[in-house]
Amino acid sequence: MNRPTLAQTQFLSVQDVASIITQTGVDATLRRLADYIEADYRRWQDFDKCARVASHSKDGVIELMPIADAKTYAFKYVNGHPKNTLVGLPTVMAFGVLADVDTGTPELLSELTLTTALRTAAMSAVAARALARPDSRSMALIGNGAQSEFQALAFHHLLGITDIRLYDTDPVATQKLVANLQHTALRLIVCNSIADAVRGADIVTTVTADKSNAAILTPALLEPGMHINGVGGDCPGKTELPPDVLRACAVFVQYEPQTRIEGDLQHLPADFAVTELWRVLNQQAPGRSSDAQITLFDSVGFALEDYSALRYLRDVARELKLGQRVSLIPDLADPKDLFSLIRPASLAPAGCRSMSAAEFTPSPRAPGGVSLIGVPTDVGAGTLGARMGPEALRVAGVAQAIAQFGIEVRDCGNLSGPANPWQDAVNGFRHLPEVVQWNQLLHDALYAELRAGRLPIMLGGDHCLGIGSISAVARHCRDTGKKLRVLWFDAHADFNTATLTPSGNIHGMPVACLCGQGPPELVGIGGHVPALNPRDLRQIGIRSVDAGEKRLVHDMGIEVFDMRYIDEMGMRHALEQALQGVDDDTHVHVSLD
């Protein structure tokens with residue numbers, strides 16, 4: 001029986017989703033999201049539903065939000081940590097998955113941080129279209145943080161709101177909102193108090209972030225005919241509206257079992273009457289009963305909206321041809337033989353073979369195939385950004401470029417190591433513990449691929465990683481009795497030490513460490529000191545070398561083909577000289593910076 005080829009998972013990054021919005025337009029994005037959400041709420045009974053699973057701490061919450069119909073399963077991972085902004089992180093961060101129910105195969109993996117703000121705003125508009133007075137034109141927006149612009153634009157584009165009355169305890173947040181929306185058709189009115197903002201407003205949206213039981217509104221601030229959109233109260237112990245405000249309103253919710261635990265409704269007894277919004281949308285229950293009635297949508301966010309948002313992203317990404325394919329699931333010739341992914345080729349049982357999504361004829365130069373290993377870090381650098389190198393190379397088509405030569409390519413994904421702490425140098429080294437961890441991870445991964453008979457290609461960006469990669473290659477050469485030749489393409493010699501470096505950045509030290517001139521934690525990676533005989537190294541393209549480095553490079557006897565040599569003799573001649581003496585018993589390693 002033929003085995004179906006396992007489809008790779010579509011991946012949408014933050015940049016992909018931002019491109020969807022900018023290419024489609026914020027107004028069109030909000031309208032289509034609202035249409036997807038309303039369509040899914042109208043088929044409420046098709047879904048297997050549950051309240052989200054939450055892990056609470058004193059400063060926030062991490063949640064999983066699952067839902068499924070007969071065809072598609074979805075979940076969102078999301079956090080809520082109000083203090084995150086103090087350390088430069090968003091309060092809310094999220095990603096989500098769509099999967100096939102029949103096989104469990106993940107079909108889409110997408111960012112949901114930006115998308116959550118959009119879907120929350122679209123959900124607010126869906127509820128307000130059913131509950132607010134049709135002639136509503138003004139809205140008070142209490143809380144002007146990260147989600148506020150999206151709420152304002154959703155009510156403007158989907159309900160015709162023209163005036164937004166703004167208040168936040170942090171004036172800087174309000175200034176940010178005004179700056180972001182000043183070129184829209186909205187009339188933005190900055191108010192000095194909640195009472196000023198609410199007075200005369202047709203709709204009041206509260207979207208504050210503190211994890212506390214606040215009282216943003218009081219019964220005295222309510223006016224006949226108002227619609228209240230309570231967005232900020234969304235977990236136990238985090239509310240915005242006191243019980244007397246809810247008692248004065250007709251209250252509507254997404255999924256009652258969840259709202260009673262997490263929403264402003266948590267303060268009221270279990271028999272307090274509420275209506276699930278899906279019933280109003282399906283005309284099974286009334287919404288607003290009169291122009292004077294005060295309605296309240298106690299919004300906590302429900303998994304069905306994320307299901308709708310992920311469906312929307314999947315569909316529009318296909319239309320715009322955005323995103324990329326990633327290998328989340330192993331594609332096995334024998335689905336019962338998971339160990340084959342790590343088994344050395346020499347131990348493979350008869351009849352077993354490695355198979356990629358397409359068949360390739362292996363090249364004699366890479367008989368076991370090529371393994372791509374991403375190393376997304378910039379801990380050794382002085383500027384952020386090198387961590388983006390692996391994905392940039394993938395997007396540029398590195399796997400396809402290699403495969404066109406008939407070589408089987410396997411993308412092993414990215415290694416996962418410590419974050420960049422962005423600290424000053426200690427004893428001449430910046431981020432030494434983190435650099436050691438990343439290089440040890442890389443050494444182990446490359447060494448395993450070499451032992452399996454495969455050619456590893458590291459996708460990185462931070463040249464401090466040359467320590468781990470070349471240590472692994474040198475160890476493999478010692479194991480197999482091969483000679484080693486390293487071609488180091490770089491503008492810099494990278495032979496700084498703690499006493500020579502002006503910055504402490506270890507991306508300027510990898511050659512020194514490989515030649516035994518560095519901290520023991522790095523010099524000893526691979527189990528041999530030095531990892532590299534300096535006479536096995538050829539430096540090509542060098543043009544910027546500090547005086548102290550120049551002396552050490554000379555003393556070590558490293559052969560250098562600098563830019564002056566290349567300008568005078570040509571690159572072809574330089575490479576012929578650098579490769580002189582290489583034979584079938586030589587392993588050539590290339591390092592490009």
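**Strands and their partners**

Colleague: Which residue in E8 is the bridge partner of Met139?

Modeller: Met139 has Ile164 as its bridge partner in E8. Strand E7 (residues 138–142) and strand E8 (residues 163–167) pair in the parallel sense, with five bridges between them.

Colleague: Through which helix does the chain cross from E7 to E8?

Modeller: The chain passes through helix H4 (residues 148–159), and this β-α-β crossover is right-handed. That term means that, with the strands pointing away from the viewer, the path from the first strand over the helix to the second runs clockwise.

Colleague: Before we go on, what are the ground rules?

Modeller: This is a predicted model, in which local features need pLDDT of at least 70 and side-chain atom pairs count only at pLDDT 80 or more, while totals for chains, interfaces and linings use all residues. Residues are numbered from 1 along each chain as its sequence is written, and side-chain values use heavy atoms, with hydrogens and water left out. Helices (H or I, at least four residues) and strands (E, at least two) are DSSP runs numbered from the N terminus, and two strands pair if DSSP finds at least two bridges between them.

Colleague: How many bridges does E8 form with strand E9?

Modeller: E8 and strand E9 (residues 187–190) pair in the parallel sense over four bridges. Asp163 has Arg187 as its bridge partner in E9. Together with helix H5 (residues 171–181), E8 and E9 form a right-handed β-α-β unit.

Colleague: Another topic: what is the order of the open sheet of four strands?

Modeller: The order is E21-E20-E19-E22, with parallel pairing. Strand E21 (559–562) and strand E22 (586–592) are the edge strands, each pairing on one side only. Neighbouring strands are turned by 15 degrees against each other on average, direction ignored; axes are lines fitted to C-alpha atoms, for helices over the stretch in contact, and angles run from 0 to 180 degrees between N-to-C directions.

Colleague: How many bridges join strand E19 to E22?

Modeller: Seven bridges join E19 (residues 483–489) to E22, and the two run parallel. Lys483 stands opposite Thr586 in E22.

Colleague: What does Gly225 touch?

Modeller: Leaving aside residues up to four places away in sequence, Gly225 touches Arg133, Asp202, Arg288, Asp291, Ala292, Gln293 and Ile294. Contact here means heavy atoms within 4.5 Å.
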